[in-house]
Amino acid sequence: MRLFALALLASPAMAQGVEIPHYIDETATAGISSTYAGEWEFMTGGGVAAFDCSGDGKPELLLAGGTQKATLYRNDSPTGGALKFSAIAAGVELDRVTGAYPLDIDSDGIMDLVLLRSGEDVVMRGAGQCQFTRANEAWGFDGRDLWSTAFAATWEKGQTWPTLAIGTYIDRTQDAFPWGSCTPNALYRPKGQGFAAPLDLKPSFCSLSMLFTDWNRSGTPSLRVSNDREYYKGGTEQMWHIAPDAPPALYTAAEGWKPLKIWGMGIASTDVNGDGFPDYFMTSMSDSKLQVLAAGPDKATFKDIAFATHAIAQRPYTGGDFRPSTGWHAEFQDVNNDGVQDLFVAKGNVSAMPDFAMKDPNNLLLGLPDGTFAEAGDKAGVASFAQARGASVVDLNGDGQMDIVVVNRNSGAEVWRNDGSSTGHWLQLALHQDGANRDGIGSWIEVRQGDRVQRREITSGGGHAGGQVGWWHFGLGATLAADVRVIWPDGSASDWAAVAGDGFYDLTKGQAPMAH
Amino acid sequence: MLRREFLSAGVALALLGGTARAGAETREGVAAQVLATWYHLALELVRHTPTYTPPVASRTLAYMGVAAFEALASGDARLHSLVGQLNGLTALPDRAAGQGYDTAVILNAVMDGLIHDLFSNTGPTGQHAMQTLTARLAQQAADGVAADVVAASRSYGATLAAAILEWSRTDGGAVIENMGFPATYTLNPAPGHWVPTSKIVLQQAPLLPAWGKNRPFAMPAGDSCPIPPPTDYSEDPASAFYADAMEVYTTSQSLTDDQKQIARFWSDDAMLSYTPPGHWIAIMAQVAVEKGVDLTAQVEALARMGVAMADAFIGCWQAKFDYDLIRPISYIKKVIDPKWEPMLNTPPFPEYPSGHSTQSAAAASVLTALFGDSYSFTDESPTPDGAATRSFASFWAAADEAAMSRLYGGIHFRLAIQNGQDQGRCIAAYAIALKTRV
């Protein structure tokens, strides 16, 4: 009897047949002390960028600070050990930063940054060793003076320089009647080794998340834009054709696009239903959406399966606050390494809206083998009631287990270490190619185990005000091996190659996978 | 001509102020501008405050209208207070004898107090806007007025607002929890009753099931204007109910462009528009300007319109939950065509009668009583989708079109429209009968 009890203690917790990961709150000891501060102009935003700039393979973190300065934290965590970060002077210490995304803009192999701000946006060139310098002038980037809240990037066909999309929010000067004052989103296309003047993406409807995504695997990504219906008039969710050498054009009803009006705040994407096409989870208030293709790749029509699959984050599941939820950053990752994508949603009241939960726990929705989801945030230990905004689900200590960092509004950021008690195996894969777009943004990574293939579109953008570039993580479940291949942005596919699980691999175009 | 969309000053509501501008810098002109600006903000807050579904919006517009009227009636011997005429309104504070007052300052204080309270749950942007207008309009209203008059007027306005709010607390509609959707609700499992029509978790229970029990304003009770029961439920293709559903279905399959425009024009969705009562307030304001009515007539109209529409929603909701009828989308998908989708989103509450039909009929009844039965106008009020303006030969022509828009949109059967209009007409009679002039 005593032995049985010990065996129970040693076994991972389960939820509907899947392992619940165990997270250890290391906020107090990890060395991260940022707060996303500020009032009205900082009710949205609060993103975090995760990327390696020190060269040790572990991601650094850049946290937006609102009225406080943005801060870059160098990752000093020992592999598999407790999380340790050190704030360093990196040149990114600007105030009014709402969000941050890493992107090797000039394809020199050193990560650059895009800082979204309530004010002028700033692109920063990486100089190595986590040092960054302003590059607006050098790259011809017009940062405008708006309230920026969304970002996405792609390399259009034939281009050696990326195309950026930046979404903006309310006209800050309209203090009495701000509704309907959404300022223009912009598309920055290449001009030589820099950017042309921004092209307005009109109509603009106060976007809070954007994502370049190849929704129908046509080879040319489109731009999905999630918009906050609180501020637009006549608006809707949007998807733009961004065809090379052509003006942006909205998808139309004739193409199957159906209007959807939500308090759009964040986009997460992965292939949930295994049909080979990306699916999209959108956060909102009192609701969430999980869209899958409704009629195949020839028609831009999506159906919502959030309710049917329990991919819902519409009200607190713990803490006793009955009121509806407010969702922000969303991200698919496999947090228990069972080979099924899970979904993390950062939540928190806009400010003190009495009709919405003040104790609004983050969600950790575990993907189940039947395609549905089961809530495990409280059992996993990440059900914080702070006013969350941005987040990153990322392996911070290089042990193949996905850790979590969350930026909170007007309180300190939180960080949780996945203790690795899940029994599943994993892969961490990084993409490399020569020339432009060194990190292979727009590629698809496929991981095959038997008849089952996990697919992941490599994107830059989405979430809420922050993203990551670096290792792309796959859970493998009980099998310690898989075949991997990459479909590169130019459409070429690498050969399938067998790799052993529980390892990091560099996937370089034209080369066999190389253990890191 | 494309419908004017999102004009910065709020189109129709700014028109109230426009009347006053015709009077140059008169005190009445200032008062009208203050009133118009607060109404403009209120309609924006209706659009942007999470609990503001149409019934809730109608309630707030009623209290605002009554408060605006009483602000003037308290100092105008020609006007007859609504105290004693509206349910539960037994007393309001009087102005102090011998003290000078200013109407603009009083109106500003009353509207400020009411709007800050009734929209206290709006988001940070709404709070920001309210604070901005509080400062701006207080100065505008008081400009050129003696300090003692300003102080007395502000004090009186605040006291009047507090009294109106105190009256409002006991009507049953003051507290809206969970955005109006009950935490627990037992559906009637018998065929023909309402079932959820969306995949939004919140909407698995119907909106405001107890709203019909609220205290009405002018009509005696929620069931004072009963309507006949709906068609007997049946899934038999030979039944009258099946025929009613087939009319919705076949209509949706052959909508003309004009019918589609009508459905869009009157959709007035919660959280995306001023809602139906806000739409009709905007129409009223536009007509008031076109006819050049003075401030006194404006506040009379705002009070009657507000009362009529709020009572219409109470009466309508009473009947909706008495009959608890299934929506067309649920019936048609089950019995006729599982792939059918209506043009409009189906609201999350029972079908019979049609709320827009009931309250549009109530509004048209009041406007007809005020401005005549053949007043032609072009509705310039803003719609979220920027639909083209529509012109009407009378208020009833507009109300008839608003009612039929629900059939074109696929969210109501014809009987809900017809009987809803009858109910609205009956309910409006109580508001029209209110005595406002000595």
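This is a predicted model: local features need pLDDT of at least 70, side-chain atom pairs count only at pLDDT 80 or more; totals for chains, interfaces and linings use all residues.
Let us start with the overall make-up of chain A. This chain contains 3 helices and 39 strands. Its radius of gyration is 21 Å, close to the 24 Å that the globule rule gives for 516 residues, so chain A is as compact as a globular protein of that length. If you follow the C-alpha trace along its principal axes, it spans about 70 × 55 × 50 Å. Of the 516 residues, 59% count as buried. Look also at the contacts between residues at least 6 apart in the sequence of chain A: 58% of them join residues at least 24 apart.

Now turn to chain B, which has 14 helices and 2 strands. A compact globule of 438 residues would have a radius of gyration near 22 Å, and chain B agrees with its value of 22 Å. Its C-alpha trace spans about 75 × 45 × 40 Å along the principal axes. Here 55% of the 438 residues count as buried. Among contacts in chain B between residues at least 6 apart in sequence, 83% join residues at least 24 apart.

Where do the two chains meet?

Two packed helices are described by the angle between their axes and the distance between the axes. H2(B) packs with helix H4 (residues 103-118) of chain B at an angle of about 10 degrees, the axes being 8 Å apart. That makes H2(B) roughly parallel to H4(B). On the H2(B) side the contact includes Val30(B), Val34(B), Leu35(B) and Trp38(B), while among the residues on the H4(B) side are Leu107(B), Met111(B) and Ile115(B). The residues of this contact divide into 11 nonpolar, 2 polar and 1 charged.

A second pair is formed by helix H3 (residues 54-73) and helix H10 (residues 295-323) of chain B, whose axes come within 7 Å and cross at roughly 150 degrees. H3(B) and H10(B) are therefore roughly antiparallel to each other, and the crossing is left-handed. By class, their contact has 18 nonpolar, 4 polar and 2 charged residues. Among the residues of H3(B) that take part are Leu61(B), Met64(B) and Phe69(B), and those of H10(B) include Met305(B), Phe313(B) and Trp317(B).

Leu366(A) is found in strand S26 (residues 363-367) of chain A. With 28 other C-beta atoms within 10 Å, Leu366(A) is buried. Leaving aside neighbours within four places in sequence, its contacts include Ala15(A), Val18(A), Ile20(A) and Phe373(A). In chain B, Thr197(B) lies in the loop between helix H6 (147-168) and helix H7 (240-253). Thr197(B) is buried too, as 23 other C-beta atoms lie within 10 Å. One of the residues that Thr197(B) touches is Ser330(B); the two are 133 residues apart along the chain, yet their C-alpha atoms are separated by 6.8 Å.

Finally, a few backbone details deserve a look. In chain A, a cis peptide bond with omega of about 5 degrees joins Lys202(A) and Pro203(A), and Pro203(A) lies in the loop between strand S15 (199-201) and strand S16 (207-213). In chain B, a cis peptide bond joins Tyr352(B) and Pro353(B), with omega of about -5 degrees. Pro353(B) sits in the loop between helix H11 (328-336) and helix H12 (355-371) of chain B.

Two other residues have a positive phi without being glycine. Arg217(A) has a phi of about 55 degrees and counts as partly exposed, with 15 C-beta neighbours inside 10 Å. Asp268(B) has a phi near 45 degrees; it counts as buried, with 23 C-beta neighbours inside 10 Å. Asp268(B) is found in the loop between helix H8 (257-265) and helix H9 (275-291) of chain B.

Notes
Residues are numbered from 1 along each chain as its sequence is written. Chains are lettered from A and ligands numbered from 1 in the order in which they are written. Helices (H or I, at least four residues) and strands (E, at least two) are DSSP runs, numbered from the N terminus. The radius of gyration is taken over C-alpha atoms; the globule rule is 2.2 Å times the number of residues to the power 0.38. A residue is buried if 20 or more other C-beta atoms lie within 10 Å of its own, exposed if 12 or fewer, and partly exposed in between; C-beta atoms are placed from the backbone. Two residues are in contact if their C-beta atoms, placed from the backbone, lie within 7 Å. Axes are lines fitted to C-alpha atoms, for helices over the stretch in contact, and angles run from 0 to 180 degrees between N-to-C directions. Angles under 35 degrees count as roughly parallel, over 145 as roughly antiparallel, 65 to 115 as roughly perpendicular and the rest as oblique. A crossing is left-handed if the near helix is turned anticlockwise from the far one by less than a right angle, and right-handed if clockwise. Ala, Val, Leu, Ile, Met, Phe, Trp, Tyr, Cys and Pro count as nonpolar, Asp, Glu, Lys and Arg as charged, and the others, Gly among them, as polar.
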